[in-house]
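This report is meant for someone who is looking at this structure for the first time. Please keep the sequence and the 3D view at hand while reading.

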Amino acid sequence: MAIPLHLAVHLAGVAVAAGLALLVLLPPVGTTGSTLRTVLPPSARWSVAFGAGLLAGSHLVVGSLVAVADGWPLLVRAGGYAALAIGAAGGLARRPTLPPADGRFALTPVLLAVVATPAVLPLAAALAGAAACVATARGVLGRGRQVVLLVVGIALYAAADLAAGARPGLAAGLSLAGSLAAGSWVLRRAARRSLAGRFTGVSLVTLLALVVGLGAASGLVLASDVQAEQRDRLQAVAASHAADLVDRTGAALDATATAVAGATLVEPLTAGDTELAGARIASVLSLPEVEVAVLTDAAGALVAGRVRDGDGTAPLALATGNVIAGAAVTEAALAGQLSRGVIDLGNGSLLVVGAAPVAPRDDQGRPQLGRQVGALVLGRDLTSVPVVERIAADTATDATVIVGGQVVSTTLPEEAASLLAEDVERGTTTVGGVERVVAGAALGERGQLVLALPTDTATHAAQTATRSAFLLAVVGLAAAGALVTVLARRTADPVARLTAAAERVAAGDLDTRVAVERDDEVGRLAAAFDGMTRSLAGRDRDLRTSLAVQEALRDRLEAVTASMGEGLLATDAVGTVTTANPAAAEILEVSGSAALVGRPLHDVLRGQAEGGGDLVAALGGPDERGTTAARGELAGSGRVVEATAAPLAGTDAGTATAGRVLVVRDITARVLADRVRTEVIANLSHELNTPLTPIKAFLEVVAAHDGVEERFTPMLALARDGRARLERTISALVDLAELEAGRTPVTLAPLSPAAIASDLVERWRERVPGRTLSRRVRRGTPAALGDPALVGRVLDALVDNALKFSDGPVRITAEGDGDEVRVRVRDDGPGIPPTRRAEVLELFVQADGSSTRSVGGLGIGLPMAGRVADLLGGRLELDAAPGGGTDATLVLPAAPAGGAS
């Protein structure tokens, strides 16, 4: 895991430090708020960037294996911490955010590291890092929980520098953890207010993880391949030397044994002279390749055995000689064959031997096989130190011979060689802290030749792979970062422009346009945004125009309501007054309309309604959906008011009312005038009736007397007509006084329209025998509900009016209209102008009000008819008749089913 950890630590360090430098130097795309670039003073910004650059440089030289982690790069890192501390403290400006000592304190350990020994470098870097932590926590880089990540990251970096020399593994872990903490802060700051920063940061983090993984994997594979190749090559060398040692030495011993056996040993063996035989084989030991010589008879019994001992020879141990005599190679020589092989002597030694049969020679000097008299075995010890040293010299390795799992001869230190037997199968071993590649080859059945070679080549290959992977990763990250930044800015720039445009639109600038000419989603979004702003601008103009019109209407309405003689009150859904005009304040005797707003209606309009009860209660509650009216006297002032209340519709159809609108009229003067008028009419009718009674009696007596001269008869008739007319006028005034005083009794009963029309026509034909009156009642007309006397009085007034204002016929018709019965009196007179139809229903008002009018009267007929119609629950309608004239219609409610018809 050394290669992956190395790449992860230093690539992350370079990326985080470079990101911090770019964060304080480059403006983010589309950010309108405060950023590090806008918050930091220029000197602080460049100081932070310089410090981050030094940290990135230290990781770069260590990551590329230019220098070791606990060497001079620590001085570079200490300088980086110092610059970072100065920048975090506010820079070198005259008035930084923190006292200058808070940042410049970090220069002390840097100066200490410059003049001190390398042993002080870790401590100096750690102290400078601690100063950077303090300055960052207290300085201008941020506040709150976010800056804690940067402080923790710098603290972990400083702890890693302190442990760089003593515990490199711990230092690597601390450095990687510091990169994660500080990198999280950098990534959050970059992505906080910038879409481009978020996109770039996430892309580079993903790319960094991918590069570290691929670089580590490629480094491990390369190192593993180089080590395996080196082990295979060493295995081939070991096998070659083992085979060469056995075959070449054995062949040489075979040749020597053949030469010696035929020339000097046949005679002593044939004669049984063992001493001569022993002396002759001892002479063979003078040869450099021969260390052991053994002679057997034809039966394989040991005859003589000698071994080299320093510069001389010595007898071979009997046990060793018997082992050699009984070996397979010896048996092959006794069978007449040349043979060679490796013999395990059983004492930890291996002997390479060559054996030849001892037999007489023919005339050509060839051994006569089948007549052998013994066998000669010559050998050399494979476990001797000279042999192992020669192998080590030939192969440029450390050589070891293992017999039966035990090391018997080696060029390695004894403590390392003791573990070598177990490491052969694994292929590697560690000697003195140096890893070595080991490979073995068989020497006989129980022996093994093991070669060990330091892994310098593999280590160099791994370092080369690590350096290449690191530099490629740095270059790749830089190129990818630049490309991702460009792409992110190209992507985020239109979005930033859209954001800025949206903010301007929100501020009221509806003429803003983005105009992003692209065919992708962003371009379509920009086009839609421009279309939206154009639509909003048009609607805004329309709304402003409408608002101006509404303001003008409101001003006009306020002017109208302010000039109204009637009081106007508006309430909300709970009955609280929300609007009042000056007339309402005057009627309710309050100082200003503002004093009415906000008060409950029942506190403002306090009074008693006609017939008893509270005036506001008579108008209905705040949720009343219909139009109501009430009349009453205000408490305290004695004013008589007439109030009408109508609902204010809610914003949604079918919802509860939003309040009510009340119109209050002060009718005190009118009530007093009506009261005076009623009293005057009553007194006038009484005073007129008093002298009229004797006049009527006198005229009746005179008219009944036969002695009246004929010339006085017209005058008498005229007097009687005047008396009757005056009597009707007085009767009308009396009826009016009773009606106005509310003393007119009403008895409702079903009335037959046909009977009403017939009685009316008959009655008026007697009064005006010269006029034409007709009647027509539509079939199926229902009975009307009314008072017979009052209905007759209303119809008499309508017929009288028709006869006075027309010379033609008068037509009375009756018909049903739903739940109503309509009795119409039609004439062909001049008619009533539409503008005067409402006026003629007022008392003492006539259609022709001039003093030269041709028709007399007080103007009380139609007003009384209208009031009586209202009293009966009906109404009086005046309209122009088809072809000229007037239609006066009494509308009465239809009687319940079963009434008269």
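How many of the six residues of strand β1 (residues 292–297) are buried? In this predicted model, five of the six are buried, and the strand is therefore described here as mostly covered, given that buried means under 20% relative accessible area.

On one side of the pairing pattern, β1 is joined by six bridges to strand β6 (residues 374–381), and the two strands run antiparallel; within this pair, Asp297 stands opposite Gly374 of β6. Strand β1 also pairs with strand β2 (residues 302–309), again in the antiparallel sense, over five bridges, and here Val294 stands opposite Gly305 of β2. The hairpin that β1 and β2 form has four residues between the strands, and in this hairpin Gly300 takes a positive phi near 90°.

## The protein as a whole

The protein contains 27 helices and 24 strands, and of its 901 residues 42% count as buried. When contacts between residues at least 6 apart in sequence are considered, 60% of them join residues at least 24 apart.

## Two nonpolar cores

The largest nonpolar core has 34 residues, of which Val791, Leu795, Leu798 and Ile812 touch the most other members. At least two residues of this core come from each of α25 (753–767), α26 (788–804), β21 (810–817), β22 (820–827), α27 (861–871), β23 (875–880) and β24 (886–893), and the element that gives the most is α26, with nine residues.

Ile812 can be followed in more detail: once its neighbours within four places in sequence are left aside, its contacts include Ala757, Leu760, Val761 and Leu773, as well as Arg775, Val823 and Val825. Apart from this core lies another core, made up of 30 residues, among them Ala52, Leu84, Ala88 and Ile154.

## An enclosed space

Rolling a probe the size of a water molecule over the atoms shows where empty space is left. The structure holds one cavity of 30 Å³ or more, and the volume of the largest cavity is about 90 Å³.

Which residues line the largest cavity? The lining consists of Val16, Ala17, Leu20, Leu55, Tyr81, Leu84, Leu150, Ile154, Tyr157, Ala182 and Val186, and the elements that give two or more residues to this lining are α1 (2–25), α4 (73–88), α8 (145–162) and α9 (168–192). Sorted by class, the lining of the largest cavity has eleven nonpolar residues, with no polar and no charged residues.

## Two residues in their surroundings

Is Phe529 buried or exposed? Phe529, which is found in helix α19 (residues 521–563), is buried because its relative accessible area is 11%, which falls under the 20% limit. Apart from neighbours within four places in sequence, Phe529 is in contact with Leu498, Ala501, Ala502, Val505 and Val514; the C-alpha atoms of Phe529 and Val514, 15 residues apart along the chain, are separated by 7.6 Å.

Arg606 lies in the loop between α21 (601–604) and β14 (607–609), and with a relative accessibility of 47% Arg606 counts as partly exposed. Not counting residues up to four places away in sequence, Arg606 touches Leu634 and Ala635, while the C-alpha atoms of Arg606 and Val616, ten residues apart along the chain, are separated by 7.3 Å.

Conventions. Residues numbered from 1 in each chain as written. Predicted model: local features only at pLDDT ≥ 70, side-chain atom pairs only at ≥ 80, totals over all residues. Heavy atoms only, no water. 1 Å grid on protein atoms, 1.4 Å probe; cavity = no way out; pocket = protein on both sides within 12 Å on 5 of 7 lines; lining within 4 Å. Points joined across faces, edges and corners; volume = space filled by probe spheres on them. Nonpolar A, V, L, I, M, F, W, Y, C, P; charged D, E, K, R; others polar. Core = buried A, V, L, I, M, F, W, Y, C linked by side-chain atoms within 4.5 Å. Buried < 20%, exposed > 50% of the residue type's maximum accessible area, 1.4 Å probe, protein only. Contact = heavy atoms within 4.5 Å. Pairing = 2+ DSSP bridges.
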